[in-house]
Number of protein chains: 2
Amino acid sequence: MIVQHSQGSYEISFHSYSIANGITVTDENVAGLYPSQVPSDSIIIPAGESSKNLSTYSFICQELLKRGATRKSQLVALGGGVIGDLVGFVAATYMRGIPFVQVPTTLLAQVDSSVGGKVGIDLPEGKNLVGSFYAPQQVIVDTSFLNTLPERQLQCGLAEVIKYGWIVDPDLLKATNRHDWERFETVSRCIQLKAQVVVEDEFETKGIRVWLNFGHTIGHAIEQLTEYKVHTHGEAISIGMVIETRIAELLGFAEVGLTDQVADSLRFHGLPTKIDPDLSVDSLIRVMRLDKKSDSGELAMSLVQKAGVCQLVKNVPQQVVREALL
Amino acid sequence: MIVQHSQGSYEISFHSYSIANGITVTDENVAGLYPSQVPSDSIIIPAGESSKNLSTYSFICQELLKRGATRKSQLVALGGGVIGDLVGFVAATYMRGIPFVQVPTTLLAQVDSSVGGKVGIDLPEGKNLVGSFYAPQQVIVDTSFLNTLPERQLQCGLAEVIKYGWIVDPDLLKATNRHDWERFETVSRCIQLKAQVVVEDEFETKGIRVWLNFGHTIGHAIEQLTEYKVHTHGEAISIGMVIETRIAELLGFAEVGLTDQVADSLRFHGLPTKIDPDLSVDSLIRVMRLDKKSDSGELAMSLVQKAGVCQLVKNVPQQVVREALL
């Protein structure tokens, strides 16, 4: 599968992964599970969202300098979404940009973050607050990595898969409404959908790519207020999708009952659908107003109207958000 | 003057500067000298190369978040090269890229760094080791800022002006070989030359833009080993141009006697032409091998053959560099 972008194109290939050419950057989990795919000169960082910060970014750049990496060196981002985003941002900026290959090892990274060229890191104030649009040279998708993925991480990725179902492809909702869902077909379908969206709206300026943010306005705020410690990304956006659909219902944008359908599709895979009542509504709204989609502090969200139909809704009244959160 | 680049184009306008639309980022020197051009909500950082680091980068991003800056906000980079490079890199990466306007206030920034879209910051290991290619919306050149520029900073910019003379435009050597050199004409001529080079080779892949690095391989190494405390950038590249021309002579690439001519043109404006004998040759070479132009540790330099003719020379033998440095 070829993805076109403004600077050229790259291939997404589906095959068994050995070792790609370049300096591998991965995390301790992957290095422990797949020693034969992690060369001895790899740069290995602690696993988890808390590594996606300026200090690890700086560490990787300095390790590259120690290894004598020049602007012709290639990076291999072997791991989940954190590795892909972080290493992609290093690649985008080290010596003003060097080539990199994405090898996503989690369901979440395979269906979502490895395609589309969005790279970046978190600041203490929020997720992905600095970053770039920077395309890899190649994405290698090997679904056998999913065999060692903990159940909770699989669920996490399923939340994004189900998201594709709700925003653009109702068939995916049927395909994943069973516990023995077909991995290769599902992953490749999601990547195809993501690639289509990204090709149509690379820089998120046409109101199409922003659909992918369904569940993410609330989800990011939850993740941030719980300091990424309580929920996986998928769990947070699972709750986010349910609440955002409630907002859509309250606005009269979505058909009545859609919230329950969205919640059912997620609950089937053990994903959470209710927000922790201890989370302060005021804090959630404050964080949401810093979201990249919001404009001058007005809330904007990608809302689903019915299965397969999504739209960016601007100026969502705070009162409605409060009601949906309670 | 319009500069075309891969993502579009921007205008370089020559006029008196008041206040541009957006959030101004400047340094303490500029804020002190031009209070009426620095709005009260500006972000003000300490002056000097030592601010061009990840920690100030992070500080500016966090100040932008405090001011509620969204992806539609615009930054105004008001200051010298450090401000332009640093604020440009913030603009390139804050929320994956927001618009910015360059208002260069030093001769160096006006003739060099404000045009071409190179933005970035230093790491402890070296200058400009992380960054992007990111074009401004507009560059506003107001040569009246030069009236308050200290003599040493004017000299610093003159080193780059004289560099344009040696690499592409011998007429500039005549124009600047007088103490009452014409500022507006000189600045606009240099910008025109820079814009031409940048349009022809935006991403430094065609061996043209790299000409601009004449004097910089040695110059950067000197700056770094002296921790940016001994020489201005212009002084360092002034020494760098003389030594690199000596290398060109030793290689038989340049005509005999060119080193003296280059040195004379710089000495006329009080610029240094000799390296501090206390600097370790081994350390200089070690730093140069990390230079972005070097490939697998082989030294590469842009060398002048005769006035107005420059070329990237690869695999410069270390022995020749040592001889030129002694």
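Predicted model: local features only at pLDDT ≥ 70, side-chain atom pairs only at ≥ 80, totals over all residues.

Me: What makes the pair A:Glu204 and B:Arg71 a salt bridge?
Reply: The closest N and O atoms of A:Glu204 and B:Arg71 are 3.5 Å apart. The criterion asks for a side-chain nitrogen of Lys or Arg within 4 Å of a carboxyl oxygen of Asp or Glu, so the pair qualifies. The count between chain B and chain A is two salt bridges.

Me: Which elements of chain B supply at least two residues each to the side that touches chain A?
Reply: They are α2 (54–66), α3, β7 (118–123) and β8 (126–133) of chain B. The residues on that side of chain B comprise 16 nonpolar, eleven polar and eight charged.

Me: How is the size of the interface between chain B and chain A expressed?
Reply: Interface size is often given as the accessible area lost when the parts come together. Between chain B and chain A the buried area is about 3,300 Å², and carbon and sulfur atoms give 56% of that area. Chain B brings 35 residues to the contact and chain A brings 36 residues. The rule also finds nine residue pairs in polar contact across this interface, both residues being at pLDDT 80 or more.

Me: Why is the link between A:Lys118 and A:Glu204 called a polar contact?
Reply: The side chains of A:Lys118 and A:Glu204 are joined at 2.5 Å. The limit for a donor and acceptor pair of N or O atoms is 3.5 Å, so the term applies. A:Lys118 lies in strand β7 (residues 118–123) of chain A. Beyond its neighbours within four places in sequence, A:Lys118 is in contact with residues including A:Asp85, A:Arg209 and B:Arg96.

Me: What volume does the largest cavity have, and which elements line it?
Reply: The largest cavity has a volume of about 30 Å³, and the count is one cavity of 30 Å³ or more. The elements giving two or more residues to its lining are β5 (75–79), α3 (81–93), β6 (100–104) and α4 (107–113) of chain B. By class, the lining has three nonpolar, seven polar and no charged residues.

Note on methods
Residues numbered from 1 in each chain as written. Chains lettered and ligands numbered in written order. Heavy atoms only, no water. 1 Å grid on protein atoms, 1.4 Å probe; cavity = no way out; pocket = protein on both sides within 12 Å on 5 of 7 lines; lining within 4 Å. Points joined across faces, edges and corners; volume = space filled by probe spheres on them. Helix = DSSP H or I, 4+ residues; strand = E, 2+ residues; numbered from the N terminus. Nonpolar A, V, L, I, M, F, W, Y, C, P; charged D, E, K, R; others polar. Contact = heavy atoms within 4.5 Å. Buried area = accessible area lost by both parts, 1.4 Å probe.
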